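Hello,

Here is the structure I promised to pass on to you. Have a look at it first, and then read on for what turned up.

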Amino acid sequence: MKRILNWWKKNWDILVLKNPGLSKWLYQIFHFFVFSMGVTIFQYLVFTFMPKILGIRLAEMEFMWPKIPMKLFGVEFVWSILGYNVLRDGAGNVMIGGGLGYFISYEAGAFLAQCINFPLQRNITFKSHGNPVYQAGWYLAAWVVISLTCNGFNNLWMPVASIYIPPAAYNLLVTFVTGGVSMIIFFFVFKMIFPEDSTLSEVC
């Protein structure tokens, strides 16, 4: 292991000297991906277990805006940006994984994930020393816009997927579709709100 680490450090130092711009991007992309995947796993756990903790009472409570009736692949549902359809099985019984319970779980998991992600990305990935209040404000605004966009997109396919896909796979798809889209957008958001005011040697 020590030999591998020494080999890596030696080659990394060479890359930093020969191509500082590329080495900085590689450093940032690596740490950004690791932290993003970590919070994505955290979100998946919240999306999976919190609706069960909240129970069937909240799962059967509809909370949606705007409510636009739609039909895709033979499945009738109501589309919204905020909230989720109440899920029912073939017999018409309410299932955990929709309604107000899932909305609370989704927003709580996503928000808590950003509370973890923000300081990690700011302090380690981008090593920014900018105004944290200003950066947090822009981060919150970006998260709200991205979250609403992802909610609207998810509500197009989730009602259909819930009919054909088991709940565990369903939650996994929700997590990685949302996380994948958010990850790509947030990387460039971070590049804008976290000024790179440190030297290359400090970053690498």
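A word on terms before the helix pair: axes here are lines fitted to C-alpha atoms, for helices over the stretch in contact, and angles run from 0 to 180 degrees between N-to-C directions. Please also keep in mind that this is a predicted model.

With that in hand, take helix α1 (residues 2–18) and helix α2 (residues 20–54): their axes cross at roughly 125° and come within 5 Å. Angles of 65 to 115 degrees count as roughly perpendicular and those over 145 as roughly antiparallel, with oblique among the remaining classes; α1 and α2 are therefore oblique to each other. On the α1 side the contact is made by W12, L15, V16, L17 and K18, and on the α2 side by P20, L22, S23, L26 and Y27. Sorted by type, the residues of this contact are 8 nonpolar, 1 polar and 1 charged.

Now for the chain overall. It has 7 helices and 6 strands, and the order along the sequence is α-α-α-β-β-β-β-β-β-α-α-α-α. Along the principal axes, the C-alpha atoms fill a box of roughly 65 × 40 × 30 Å.

Helix α4 (residues 99–125) has 27 residues, which at 1.5 Å a residue should span 39 Å; the end C-alpha atoms are 36 Å apart, in agreement with that. After α4 comes K127, with a positive phi near 45°.

Helix α5 (residues 132–164) has 33 residues and reaches 44 Å from its first C-alpha to its last, close to the 48 Å expected.

Finally, a couple of backbone details among the strands. Most residues other than glycine have a negative phi, and most peptide bonds are trans. Against that background, the peptide bond joining W65 and P66 is cis, with omega about -15°. P66 sits in the loop between β1 (63–65) and β2 (68–72). In the loop between β2 and β3 (75–79) you will find F73, a residue other than glycine whose phi is positive, near 50°.

Happy browsing, and do write back with any questions.

Best wishes

Definitions and conventions: Residues are numbered from 1 along each chain as its sequence is written. This is a predicted model: local features need pLDDT of at least 70, side-chain atom pairs count only at pLDDT 80 or more; totals for chains, interfaces and linings use all residues. Side-chain values use heavy atoms; hydrogens and water are left out. Helices (H or I, at least four residues) and strands (E, at least two) are DSSP runs, numbered from the N terminus. The expected span of a helix is 1.5 Å times one less than its number of residues. Angles under 35 degrees count as roughly parallel, over 145 as roughly antiparallel, 65 to 115 as roughly perpendicular and the rest as oblique. Contact means heavy atoms within 4.5 Å. Ala, Val, Leu, Ile, Met, Phe, Trp, Tyr, Cys and Pro count as nonpolar, Asp, Glu, Lys and Arg as charged, and the others, Gly among them, as polar.
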